[in-house]
Each structure stands twice: as structure tokens, then as C-alpha cells.
Amino acid sequence: MMRRADLLVIGTDTGVGKTLVAAALLAGLAAAGLRCVGMKPVAAGLMRRGDAWVSEDAEALMRAASVQAPRALVNPYALREAAAPDLAARREGARIALARIMRAFAELRAMSDAVVVEGAGGFRVPLGDGLDGGDLAQALNVPVVLVVGMRLGCINHALLTAEAVAARGLTLAGWVANRIDATMAHFEQNVETLQARLDARRLGIVPNLAQPRFETMAPMLDVRALLDTIAPA
Ligand SMILES: Nc1ncnc2c1ncn2[C@@H]1O[C@H](COP(=O)(O)OP(=O)(O)O)[C@@H](O)[C@H]1O
Ligand SMILES: [Mg+2]
């Protein structure tokens, strides 16, 4: 029997490539024959699509998935304003309830072999009512993939994030070096430093892409190695 391959994709910051990596992992899992679906529990910052307001992150995850699920399950909280989620929620009178996210997660699990969840912002982003991204991660209780947005300062952000993940009793299953800054100096040495200090498998090194698309990124990530780690046969 195929073991579950659920994942939580987090980043060293907002805007570091979580959505692209999560979608690329979905594409890789789909290519490996898994029934997979994405989830963006909390999205802040929507775009207009006809009469509706939708999350671009949720849309990307839905495009990459092999199982089509209702948008309300993929993205239970869609907040209009591109602000910290607790603030965006408060400004539209919404409250983010962990129970609602967990119900949607359970439904997505029931229709798939793998749910790839994209976190909001950085790991400890406030979600309101004392809840933060770390609490959500702990409740989801699935292996974590860390996207390191390669730029000056990322080593500290990566190591702090890895520490926070471990403090929640979660497993860092892998990390991705994503070159969001094309001009970063000493790129290779920084990747080596991260490799030496992160107790996790490196799933790929993604160069700065002229046209960043998950389809381009998917073959750069070692989904086989990831599956060996999280769902060994
Ligand atoms: N390797 C890369 N090369 C070039 N641009 C990238 C790369 N990774 C991410 N980007 C760009 O950076 C921005 C943030 O990426 P995204 O996946 O939305 O990050 P997050 O989900 O962490 O906010 C997007 O405009 C994306 O196209
Ligand atoms: Mg995103």
C-alpha cells in the first residue's frame, strides 16, 4: 500500500518561491503516479477573476494538482488584502479558525494520496487569536519542506526556521535552494553552508528563472528522494 505523502511547504520569508515549489512538487508527485492536491489554508492578497476574487497561489496549486478539489477546500480563507493574515482577516471581519482548516485538510486527504500545503508568509506569521503558522504546522503534523529564498541574509532565516520547525516536533524532510536574487554573491558557498547546517535533504537548486513557471521547476526537484524520506516503500 502506498504510504501518504502529505507535505507542508514553508519558506524563509514571503515571496521566496513557496508557491512555485509547492506547485512543482505537486507536478512531480503527479508524474510519480500519486493522486495529489494542493492546499493554501490562508491566502492574503487576491486578484480579480471575472466577478470573483481568487488567490493566485490557490489557482497555481489547482493547476499543478492531479486531483481537482473545490476551491473552498483548497483555500478555506481567501483574504482580499495583501497584508499579514491576522490583519487582513480583522479588516474584513473574518476570524481564522484552525478547526475549519483541519476539516478541509481532512477532506482533501480523503480524496488523495498527498496533500501539499503551502504555508502563508514565513513560519511564525500571525493568523489571529494567538494562532500562528507554527501552530497550524503542528496541527497539520506532516513533514516540512523549507524553501530558502537565496539572497543575502537567508542563512540566518533558514537556520532560525529549521529550529522553529524542530521545536514544534516536526520533521524537516527537505529543503530547496531557490535563487530569487540573480545577483547574489558567493551563491555556491552559501548553498554549501546551508547544506552543512540544515539536517535535511536538499531536493534541488533552482537557478534564477527568466520565466518562473512550476513546469520548468518540477524536473529540478528530486521528488523520488523526497518520497524515499517521507513515504519509504
Ligand atoms: N527561481 C526563481 N527565479 C525567478 N523568479 C522566481 C524564482 N522563484 C520565485 N520567483 C518569483 O518570485 C515571486 C515569489 O514567488 P512565489 O512562489 O509566489 O513565492 P511565495 O509563495 O513564497 O510568496 C514570484 O514572482 C515568482 O515568479
Ligand atoms: Mg505563495
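The legends below describe several close-up views of one predicted model.

Local features are reported only where pLDDT is at least 70 and side-chain atom pairs only at pLDDT 80 or more, whereas totals for chains, interfaces and linings use all residues of this predicted model. Residues are numbered from 1 along each chain as its sequence is written, while chains are lettered from A and ligands numbered from 1 in the order in which they are written.

**View 1. The chain as a whole, with its 10 helices and 12 strands.** Helices (H or I, at least four residues) and strands (E, at least two) are DSSP runs numbered from the N terminus. The C-alpha trace spans about 45 × 40 × 35 Å along its principal axes. The radius of gyration, taken over C-alpha atoms, is compared with a globule rule of 2.2 Å times the number of residues to the power 0.38; for 233 residues a compact globule would have a value near 17 Å, and the chain, with 17 Å, agrees. Buried residues account for 49% of the 233 residues, where a residue is buried if 20 or more other C-beta atoms, placed from the backbone, lie within 10 Å of its own, exposed if 12 or fewer do, and partly exposed in between. Two residues are in contact if their C-beta atoms, placed from the backbone, lie within 7 Å, and among contacts between residues at least 6 apart in sequence, 76% join residues at least 24 apart.

**View 2. The open sheet of six strands, with parallel pairing in the order 2-7-1-10-11-12.** Strands are taken to pair if DSSP finds at least two bridges between them. Strand 2 (36–39) and strand 12 (201–206) are the edge strands, each pairing on one side only, and the twist from one strand to the next averages 20°, with axes being lines fitted to C-alpha atoms, for helices over the stretch in contact, and angles running from 0 to 180 degrees between N-to-C directions. Helix 6 (residues 133–140) lies across strand 1 (7–11), strand 7 and strand 10 (144–149), and runs at about 165° to strand 7.

**View 3. Strand 1 and its two parallel neighbours, strand 7 and strand 10.** Because five of the five residues of strand 1 are buried, this strand is largely enclosed by the rest of the structure. In a regular strand the side chains alternate between the two faces of the sheet. Here Leu7, Val9 and Gly11 point one way and Leu8 and Ile10 the other way, and all are buried. Four bridges link strand 1 to strand 7, with leucine 8 partnered by valine 117; four bridges also join strand 1 to strand 10, where the partner of glycine 11 is valine 147.

**View 4. Strand 11 beside strand 10, joined in parallel by six bridges.** Seven of the seven residues of strand 11 are buried, so this strand is largely enclosed by the rest of the structure. Glycine 149 stands opposite asparagine 178 in strand 11.

**View 5. The surroundings of ligand 1, made up of 15 residues.** A residue is included here if its C-beta atom, placed from the backbone, lies within 6 Å of the ligand. The closest residues are Gly17, Lys18, Thr19, Leu209 and Pro212, and the largest share of the shell, three residues, comes from helix 1 (residues 18–31). By class, the shell has six nonpolar, seven polar and two charged residues, with Ala, Val, Leu, Ile, Met, Phe, Trp, Tyr, Cys and Pro counted as nonpolar, Asp, Glu, Lys and Arg as charged, and the others, Gly among them, as polar.

View 6. With 12 C-beta neighbours inside 10 Å, aspartate 129 counts as exposed; its C-alpha atom is separated by 28 Å from that of valine 148, 19 residues apart along the chain. Histidine 186 counts as exposed because it has 10 C-beta neighbours inside 10 Å.
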